[in-house]
Amino acid sequence: MKVNQKENVRALVSLLKEVHSIAVSTGAGISAESGIPTFRGKDGLWKQFRAEELATPNAFMRDPKLVWEWYDWRRGIIGGKSPNPGHFVLAEWEKLYPEFTLITQNIDGLHAKAGSRNILELHGNIWKVRCTQKETVMENFDAPLKEIPPLCPKCGALLRPHVVWFGESLPTEVIHEAFRRAETCEVLFVIGSSTVVQPAASLPFHALEEGAKVVEINLEPTPLTSSANFSFLGKAGEILPMIDKALKE
Ligand code: NAD
């Protein structure tokens with residue numbers, strides 16, 4: 001461990017031992033070590049398409065079969081994956097702190113698989129589908145899907161993934177609650193997020209304005225790095241267990 005990283009861990013741990021209220025905001029990077037590609041990494045491409053070309057209402061209206069084929073491919077990848085040590089540390093911290101909120105942009109369900117319970121899913125969940133006519137939300141764990149595009153078992157209308165696409169609004173109550181938690185916590189972690197997708201990218205800046213300390217864990221610097229109180233450059237699945245170990249010493 002580098003000397004300044006050791007000091008960084010020591011300073012953070014003494015803060016973590018004093019506080020009662022923690023919020024965590026996770027992005028695709030926390031699941032990268034579980035083998036789920038991030039959108040912006042080199043493995044994020046499917047056929048010749050970028051996610052931004054498929055995860056949109058227009059793409060779905062134009063070609064629901066193509067968009068569902070992409071989701072079927074992603075569900076196939078995600079379905080076989082397990083949480084990594086980073087997910088497990090966060091699930092444990094939920095039991096350790098009186099106030100602990102996990103806010104995630106991820107749709108993969110791995111936080112719940114690791115045992116986290118109090119989760120605000122900003123972008124929905126890939127294992128849920130929604131009727132395009134009646135808006136009914138249902139769980140669907142078929143991987144591969146039985147039919148593409150899938151149809152509503154109740155009314156026969158087209159189903160869509162229950163996820164938030166580029167250009168769509170986030171569920172109002174969930175995003176309000178996420179901002180409320182970020183603005184009232186004492187420490188906010190931002191883990192594996194490029195901090196370019198709004199509104200999640202604004203959470204740490206609101207937290208800082210309200211006096212919280214912000215801790216960032218990412219492989220590389222982001223637009224948040226220079227404002228964060230603590231920045232750890234490295235893998236979430238290694239840094240989180242390292243902090244957790246020091247916290248319990
Ligand atoms: P992103 O793909 O834009 O960025 C991922 C970030 O994680 C990058 O900054 C990268 O440097 C960092 N990273 C990669 N591996 C890491 C590791 N091992 N440890 C720490 N950091 C690591 O992801 P985003 O910021 O979450 O936003 C893009 C959108 O992608 C979100 O809307 C999200 O819903 C969606 N998405 C979700 C999943 C998933 O559910 N697992 C996967 C891909 C994309």
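**Note on the predicted model: pockets, domains and sheets**

1. The lining of the second largest pocket takes at least two residues from each of β4 (124-131) and β6 (159-163), where helices (H or I, at least four residues) and strands (E, at least two) are DSSP runs numbered from the N terminus. The model is a predicted one, in which local features need pLDDT of at least 70 and side-chain atom pairs count only at pLDDT 80 or more, while totals for chains, interfaces and linings use all residues. Residues are numbered from 1 along each chain as its sequence is written, and side-chain values use heavy atoms, with hydrogens and water left out.

2. The space in the second largest pocket comes to about 200 Å³; its lining counts 14 residues, of which Gly124, Arg130, His162, Val164 and Pro171 are the closest to the centre. On a 1 Å grid over the protein atoms alone, a pocket is an open set of points with protein on both sides within 12 Å along at least five of seven lines, a cavity is a set of points where a 1.4 Å probe fits but cannot get out, and lining residues have an atom within 4 Å of a point. Grid points are joined across faces, edges and corners, and a volume is the space filled by probe spheres set on the points.

3. With four residues, β4 provides the largest share of the lining of the second largest pocket. By class, this lining has five charged, five polar and four nonpolar residues, with Ala, Val, Leu, Ile, Met, Phe, Trp, Tyr, Cys and Pro counted as nonpolar, Asp, Glu, Lys and Arg as charged, and the others, Gly among them, as polar.

4. The domain assignment divides the protein chain into domain 1 (3-35 + 83-123 + 168-247) and domain 2 (41-80 + 129-163), the bounds coming from an automatic or database assignment. The C-alpha centres of domain 1 and domain 2 are 28 Å apart, and the contact (heavy atoms within 4.5 Å) takes eight residues from domain 2 and six residues from domain 1. Because domain 1 and domain 2 both give residues to the lining of the second largest pocket, this pocket lies between them.

5. An open sheet of three strands has the order β5-β4-β6 with antiparallel pairing, two strands being paired if DSSP finds at least two bridges between them. β5 (137-139) and β6 stand at the edges with a single partner strand each, so one side of each has no neighbour in the sheet. From one strand to the next the twist averages 45°.

6. Three bridges join β4 and β5 in the antiparallel sense, and Lys128 has Glu139 in β5 as its bridge partner. Helix α5 (residues 64-79) packs on this sheet and touches β4 and β6, its direction making about 140° with that of β4; axes here are lines fitted to C-alpha atoms, for helices over the stretch in contact, and angles run from 0 to 180 degrees between N-to-C directions.

7. A six-stranded open sheet runs in the order β3-β2-β1-β7-β8-β9, with parallel pairing. Its edge strands, β3 and β9 (230-233), each pair on one side only, and neighbouring strands are turned by 15° against each other on average, direction ignored.

8. Five bridges link strand β7 (residues 187-191) and strand β8 (residues 213-218) in the parallel sense, with Val187 opposite Lys213 in β8. Helix α6 (residues 85-96) packs on the sheet, where α6 touches β1, β2 and β7 and makes about 150° with the direction of β2; α8 lies across β1, β2 and β3, at about 130° to β3.

9. The structure holds two cavities of 30 Å³ or more. About 60 Å³ of space lies in the largest cavity, whose lining consists of Ser21, Ile22, Ala23, Glu99, Phe100, Thr101, Arg181, Thr184 and Cys185. β1 (21-26), β2 (99-104) and α8 (172-184) are the elements giving two or more residues to that lining, which divides into four nonpolar, three polar and two charged residues.

10. The second largest cavity, of about 40 Å³, has Thr104, Asn106, Asp108, Gly109, Leu110, His111, Ala112, Ile119 and Glu121 in its lining. Two or more of these residues come from each of α7 (110-114) and β3 (119-121), and α7 gives the most, three residues.

11. Asn8, placed in helix α1 (residues 3-16), touches Phe230, Ser231 and Phe232 when residues up to four places away in sequence are not counted. Asn8 and Asn229 are 221 residues apart in sequence, yet their C-alpha atoms are 9.8 Å apart in space.
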